[in-house]
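Thanks for coming. I will go through one model this morning, starting with its ligand and ending with a sheet.

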Amino acid sequence: MTRGLKFQFNEGLLSKIRHSTGEIDQIDLIDDQGWTSTVHKISAEHGLFILKSSFKEKYREWLKTEAGLLEKLKNQNEIPVPGYINYIEENVQNHLLMTYEKGVTLTKALRDAGSHDEKRQLMKSFGELLKRLHETQSAHFNWNINWLEGELQRAERYLEAGECDGDRALLEKLKANPLPETTQTVIHGDCTTDNVMVADGKVSLFIDVAGMTVGDPRYDVALALRKVMADSELTEAFYEGYGRFRLNSKEFNYFENGLYEFF
Ligand SMILES: Nc1ncnc2c1ncn2[C@@H]1O[C@H](COP(=O)(O)OP(=O)(O)OP(=O)(O)O)[C@@H](O)[C@H]1O
Ligand SMILES: [Mg+2]
């Protein structure tokens, strides 16, 4: 897939953006593009902003959910997320305008770290941030849902539409072999090292929050550890910060090599 291309700013869109940002000085495609959207940094009269735009139907739905969530979380400081500014729907693309937050993704910070000790500190900090999220009692969420049931239904939809890596046999296996239940908490829902940002040496912000809801905290831990599992020191550092529970291999596989294949 070509990342970060396919984008046109028309005058109608620019004027909607200007409504929030004031006069625009500069628009740059950022280096660190994700897979599901195109991300621009906007320097304008009222400050720095991020414009996240999606084209494909599935990703437009996710962007809308993300926008709704950021809007809900706008006036709280319990869960660190970018500030919501505006959400714009056009014929072929949707856009989320939010505050630009300084820092780099944890993926990049780990890649650029000068020493293994620095990497350990980063993973510990990630664990601490996730612990805070999993222990919040935020009233901004609906606590009365069965998250896994909803996710299995969504997986079924994506499978039927041919929009995921997972196959029928895997989905049936997940349905037939649920994990023992655990207490639901607020979760990020796509808690990879790509979706948290590091500033001043600390993992301090959640981004890409379309999946943030009340759900199974083991899903977040599995995705948080997926890229460092082979390094026992980094895994330990994460758990030192997280301190709530550890995943066994069955739990890790249920999510990392199971449910995650459908999203
Ligand atoms: N509010 C923000 N402030 C600064 N940079 C941001 C902000 N939001 C996103 N970014 C940058 O844009 C990149 C892509 O953002 P995001 O993860 O939300 O997009 P995505 O396309 O949904 O990614 P994914 O492929 O993980 O779904 C991030 O890696 C980060 O570098
Ligand atoms: Mg992302």
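Which atom of ligand 1 lies 2.8 Å from a polar side-chain atom of threonine 36? It is an oxygen atom of ligand 1. An oxygen atom of the ligand is also 2.6 Å from a side-chain N or O atom of serine 37. Threonine 99 uses a backbone N or O atom, 3.0 Å from a nitrogen atom of ligand 1. A polar contact here is a pair of N or O atoms within 3.5 Å. Alone, ligand 1 exposes 620 Å², and the protein buries 92% of that; areas are by the Shrake-Rupley method with a 1.4 Å probe.

Some housekeeping. The model is predicted, local features need pLDDT of at least 70, side-chain atom pairs count only at pLDDT 80 or more, and totals for chains, interfaces and linings use all residues. Residues are numbered from 1 along each chain as written, chains are lettered from A and ligands numbered from 1 in the order written, and side-chain values use heavy atoms, without hydrogens and water.

Back to the shell. It has 19 residues around ligand 1, where near means a heavy atom within 4 Å. Domain 1 (11-99) and domain 2 (104-262) both contribute residues, so the ligand lies between them; the bounds come from an automatic or database assignment.

Last, the sheet. Three strands, in the order S6-S8-S9, form an open antiparallel sheet; strands are DSSP runs (E, at least two residues), paired if DSSP finds at least two bridges. S8 (residues 196-199) and S9 pair over 4 bridges, and valine 198 has valine 203 of S9 as its bridge partner.

Definitions and conventions:
Polar contact = N/O pair within 3.5 Å; in protein donor to acceptor, adjacent residues only side chain to side chain.
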